[in-house]
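Let's take a walk through this fold, from the sheet to the packing between helices. Keep the 3D view open as you read.

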Amino acid sequence: MAIRINGRDVDAPADARISLLDLLREQLHLTGTKVGCNQGACGACTVLIDGERVLSCLTLAAQADGREVTTIEGLGSGEDPHPLQAAFIAHDGFQCGYCTPGQICAAAAMLREIELGVPSYVTVDLARPAPLSREEIRERMSGNLCRCGAHNGIIDAILEVAQGTCA
Ligand code: FES
Ligand code: FES
């Protein structure tokens, strides 16, 4: 089977031990996905598989066999940015930008989780859809670290997109 990456079929790697992160960056040169800790602690390598966020450093490429992977390159481009990309720019949601692709992929999946009614650790009423509060977004984005301290801008950007007010 092939792995579908940003709408393109790619052969699953011959080496069954290669991580999805290494497949993306080293073999396919999709360097938008970043290597931070390479051990599951920072979220810089976050991509989507079938719309759900995964840490690509902890995911074998083989696990994406027959599935659909979306990286930051597949979400938007300079000419046609994803609403989250536009909002991150508008709200100074990045400084060095190293964590940004992972933050944006995580945010895209997180908004879908809220839409689907998936609760978080801080959701008080499990019988109702979680409110789009800063606390909810902060908790749901807690797996993505920003060493530059752009977290407040990131929350503002996500909140704006979640509320559908992004230009
Ligand atoms: S590089 Fe994957 S979590 Fe840090
Ligand atoms: S913008 Fe520098 S690590 Fe987040």
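## Ground rules

This is a predicted model, where local features need pLDDT of at least 70 and side-chain atom pairs count only at pLDDT 80 or more, while totals for chains, interfaces and linings use all residues. Residues are numbered from 1 along each chain as its sequence is written, chains are lettered from A and ligands numbered from 1 in written order, and side-chain values use heavy atoms, leaving out hydrogens and water.

## The sheet

Five strands make up an open sheet with mixed pairing, in the order 2-1-5-3-4. Strands and helices here are DSSP runs numbered from the N terminus (E, at least two residues, for strands; H or I, at least four, for helices), and two strands pair if DSSP finds at least two bridges between them. Strand 2 (8–11) and strand 4 (52–55) sit at the edges with a single partner strand each, so one side of each has no neighbour in the sheet. On average, neighbouring strands are turned by 35° against each other, direction ignored.

Strand 1 (residues 2–5) and strand 5 (residues 68–70) run parallel, joined by two bridges. Look for Arg4, which stands opposite Glu68 in strand 5.

Helix 4 (residues 100–115) lies across strand 3 (46–49) and strand 4, at about 40° to strand 3. Such angles run from 0 to 180 degrees between N-to-C directions, with axes fitted to C-alpha atoms, for helices over the stretch in contact; contact means heavy atoms within 4.5 Å.

Helix 3 (residues 83–90) has Leu84, Gln85, Ala87 and Phe88 buried (under 20% relative accessible area; exposed is over 50%, partly exposed in between, with a 1.4 Å probe and protein chains only). These four cover an arc of only 165° around the axis, which puts them on the same side of helix 3; the arc is taken from the directions from the helix axis to the C-beta atoms. On the other side, Ile89 and Ala90 are exposed.

The cover over the buried residues includes helix 2 (72–75), helix 4 and helix 6 (151–162). After helix 3 comes Asp92, with a positive phi near 50°.

## The cores

The largest nonpolar core has 26 residues, and Leu75, Leu84, Met110, Ile137, Met141 and Ile158 have the most contacts inside it. (A core is a set of buried Ala, Val, Leu, Ile, Met, Phe, Trp, Tyr and Cys residues joined through side-chain atoms within 4.5 Å.) Helix 4 gives the most to this core, with nine residues.
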